[in-house]
Amino acid sequence: MMKKKLLAMTLSMLMGTALLGGCATTTVSEDGGGTASGAAEGTEATDGNSSDAMKGNGDKTLNVFLYMQEHEKEIYKGLVEEFVEEHKDEIKEVVFEITTQDEYNTKMIANMTASDMPDVFYCAPADVRKYVDNGYIQPLDDYVDQATVDKLWGTTQTIYRYDGTNIGEGSLYALPKDFSCFAFAYNKTLFDEAGLDYPDPEKPYTYDEFIEVCKALTVDKDGDGEIDQWGVANANQFGMTPYLYSNGVKFLNEDMTKVNVANNEALKNALTFYTDLTLNGLTPSVDQDAALGGYQRWLDGQIGFYACGTWDVAAFMDENTFPYEWDLCGWPVGPDGDGRSHTWMGSVAYCISKDTENPDLCAELVAKLSTDEAGQKAVSGITTGHSIQLPNLRDLAYGEFLDAVNNGELPFPSNVRVLFGYFEGDDAYEATLQETDYTYNAEWFTPFHTGVANIQRGNITVEDFLAEVEPEMQSLLDNAIELQGSAKN
Amino acid sequence: MAGKNKVKVRMSEMAKREERWAWLFIAPPFIGFMCFMAYPIVFALIVSMSRWTGINSLWGNIVGLRNYIEILQDAKFWQSMGTTLIYMIGIPIGMILGIIIAMGLNRNLPGKRLLTTMYYVPVVSSLVAVSILWAWVFNYDYGLLNGIWKIITGQHGPNWLGDEKMIKISMIIFMVWKGLGGTIILYLAGLQNIPRDYYEAAEIDGASGWEKFRNITLPLLSPVTFYVLITSLIGGFQVFVEVQVMASNGGPNYSAATVVFYLYEKAFKNGQLGYGSAIAVILAIIIFAITALNFWGQNKWVNTDI
């Protein structure tokens, strides 16, 4: 009897352990085998996963593994089909497998664990160091000519370079699929109602000017004694840093080994400015924000200013989603910085496996996906009228793309100059990668962005918060540095 | 002794064939167990002693018991463990409510089947879907609860998911609601298993309703109670989905995060698969110990003779 009980207990525990242990041993669920015949047939799942096999007459097989949305997939699939046609004597098959963004990292870790890497896959700026140090990707220098690289925006030429020590220098490891930045947007309709002048795209507001405008936009519209329209709404994780960067804030020292927040005057001033927006009622309160986020309130016309990523433009231009007039502007500029408006940028790029048997062919495919002019015209909306991203090709952006915007052929806010300014880094604007993109993980920043709500609730002062949070951030950064170094073990 | 007396029995062809068939039948679950249980467990144990990130070398980053030592000093681990234990307040609440409702349903009331189905619906519903639903029920400005609260008191209700204490209460309410149907069904089956004679004999002896419940119903339901307790405790240590959906950043100041939520964040958000595996192993040991303790103590209160 006792033995039976023990056996039952042990088995039930083993099942429990396996459930938990299984969390650490990711498995790949293959969606679609891609074993179709014909030029381009494949399997399509309703969950965002698909696999297409495009066949030629040659003997080389390329496996491409990416994530993208449905409307993008058609454009890129077309480019791959063209590529197979152009190289049909070399290529036996290109397996074009697409998954969702959520599943992508898990599947990639499984591929790495199994040493079964696709030939072409994605790499974000934050991945370059990890992938290179662990021997997963190879430089493109020998396969992509300089003329192709020169067509790209300056920033996307540098963020995928790595010299073994520093990001931004050395060999080029990837070509951009897209790039974006978190600009600022304002609701023109609310400005008109308040009788305010629109923001000047050439000269972003100062902190003080911004507060005055927000005060004018914060109103009790229905006269019930409660504010129902606010100057601005922010998301603490991503919507906060542009205010701080625009006051010259850096969270880490030069070599990214020490957290510098407790005795950082620029940060103290910027964070005070940022949290005062909430404490003074110019943004929804923390409780109100938890009930209905800033994004939804912006869409409902309750907010004067809100962040706008390049990926948001299509939704904001859609009258059914956002029935208001709006345009782009810069984040407000603090007194302690370089006088320019700063924001963070993001990008994802195509890279090629170090183990691929066909690096030259992979590099050609990557170059086509990244820089093919017809493809870029389609994804940027020049030929489709629906912009998913800005063109990767700088000249195309300043030429046909801008013309399409100015002619009204492409729905896009007229102050597109703000985005260009951020990417170019001109006299008024600059976009940079976040510091978390340079460290092994972003965990060290979590105590900061999650703790800011305590200041906004009035539970702690800025000074006390910064002094309190620094040791925890430093400890987590030390972990990240150790993990970063583990690639060399 | 047994070894010395071993007698070699010559098997007939038929017996051999039967044995081969037996092995064939045993093979699929055995292979399944080895591949999907034993291997992951051993692998997780090895990973737990490393700084493996999923992309670096596992064997080049073995660090012995360092992860375990760090976990024991990790304030966030203890905070999430504390929250996990607090959520277990819902287990006795669910059991008491389960017995009461099951006893009600055990009488031949009109609408009994409808009520049983209603109570069971949350159990068969998708956990993600009902978590999203309850996130809206708990919504500070637009939620059903605060709507009712305002009608009754005229005041704005509490911030169920935005306050460190209230979010724990909200989670407990949700978990009790979600698990109640299963508990009711089990208790109902248990109640229907108790012979009527016991109650009739007690009535002849003049026992009151409470005495019958205390001395007949409760003891004879103890195997069900034991089962519900064990499964709820194991489930209670593995709470994850509802936290991920209702408080995706772990709630204000990480007040809603459970151990498995913390494990997930460490392993998959921050790429520390070694550390995450060590948390999984510690959690498995705790679950094992508590279950063992329960099995050991069951002789004192679980009645298996009907």
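How many helices and strands does chain A have? Chain A has 19 helices and 13 strands, where helices (H or I, at least four residues) and strands (E, at least two) are DSSP runs, numbered from the N terminus. This is a predicted model, in which local features need pLDDT of at least 70 and side-chain atom pairs count only at pLDDT 80 or more, whereas totals for chains, interfaces and linings use all residues. Residues are numbered from 1 along each chain as its sequence is written, and chains are lettered from A and ligands numbered from 1 in the order in which they are written.

## Chain A overall

Of the 489 residues in chain A, 48% are buried; a residue is buried if 20 or more other C-beta atoms lie within 10 Å of its own, exposed if 12 or fewer, and partly exposed in between, with C-beta atoms placed from the backbone. Two residues are in contact if their C-beta atoms, placed from the backbone, lie within 7 Å. Among the contacts in chain A between residues at least 6 apart in sequence, 71% join residues at least 24 apart.

## An enclosed helix

Helix α18 of chain A, residues 446–456, is largely enclosed by the rest of the structure, because 8 of its 11 residues are buried. The buried residues are A:Thr446, A:Pro447, A:Phe448, A:Gly451, A:Val452, A:Ala453, A:Ile455 and A:Gln456, and what covers them includes α10 (265–279), α11 (286–291) and α19 (462–485) of chain A. After α18(A) comes A:Gly458, whose phi is positive, near 85°.

## Helix α2 of chain A and two partners

Two packed helices are described by the angle between their axes and the distance between the axes. Here axes are lines fitted to C-alpha atoms, for helices over the stretch in contact, and angles run from 0 to 180 degrees between N-to-C directions. Angles under 35 degrees count as roughly parallel, over 145 as roughly antiparallel, 65 to 115 as roughly perpendicular and the rest as oblique.

The axes of α2(A) (residues 70–86) and α14(A) (residues 359–371) come within 10 Å and cross at roughly 140°, and the two helices are therefore oblique to each other. The crossing of α2(A) past α14(A) is right-handed, a crossing being left-handed if the near helix is turned anticlockwise from the far one by less than a right angle, and right-handed if clockwise. On the α2(A) side A:Tyr76, A:Leu79 and A:Phe83 meet A:Leu365, A:Lys368 and A:Leu369 of α14(A). By class, this contact has 5 nonpolar, no polar and 1 charged residues, where Ala, Val, Leu, Ile, Met, Phe, Trp, Tyr, Cys and Pro count as nonpolar, Asp, Glu, Lys and Arg as charged, and the others, Gly among them, as polar.

With α15(A) (residues 373–380), α2(A) packs at an angle of about 175°, the axes being 10 Å apart, and these helices are therefore roughly antiparallel to each other. Here A:Glu72, A:Ile75 and A:Leu79 of α2(A) meet A:Gly375, A:Ala378 and A:Val379 of α15(A), a contact with 4 nonpolar, 1 polar and 1 charged residues.

Helix α15 of chain A also holds A:Gln376, which is buried, with 26 other C-beta atoms within 10 Å. Leaving aside its neighbours within four places in sequence, A:Gln376 is in contact with A:Pro391, A:Asn392, A:Leu393 and A:Leu396. The C-alpha atoms of A:Gln376 and A:Gln389, 13 residues apart along the chain, are separated by 8.8 Å.

## Chain B

Chain B is divided into domain 1 (13–69) and domain 2 (73–300), with bounds that come from an automatic or database domain assignment. The C-alpha centres of these domains of chain B lie 32 Å apart, and their contact takes 12 residues from domain 1 and 10 residues from domain 2. On the side of domain 1 that touches domain 2, the elements that give two or more residues are α1 (13–47) and α2 (66–72) of chain B.
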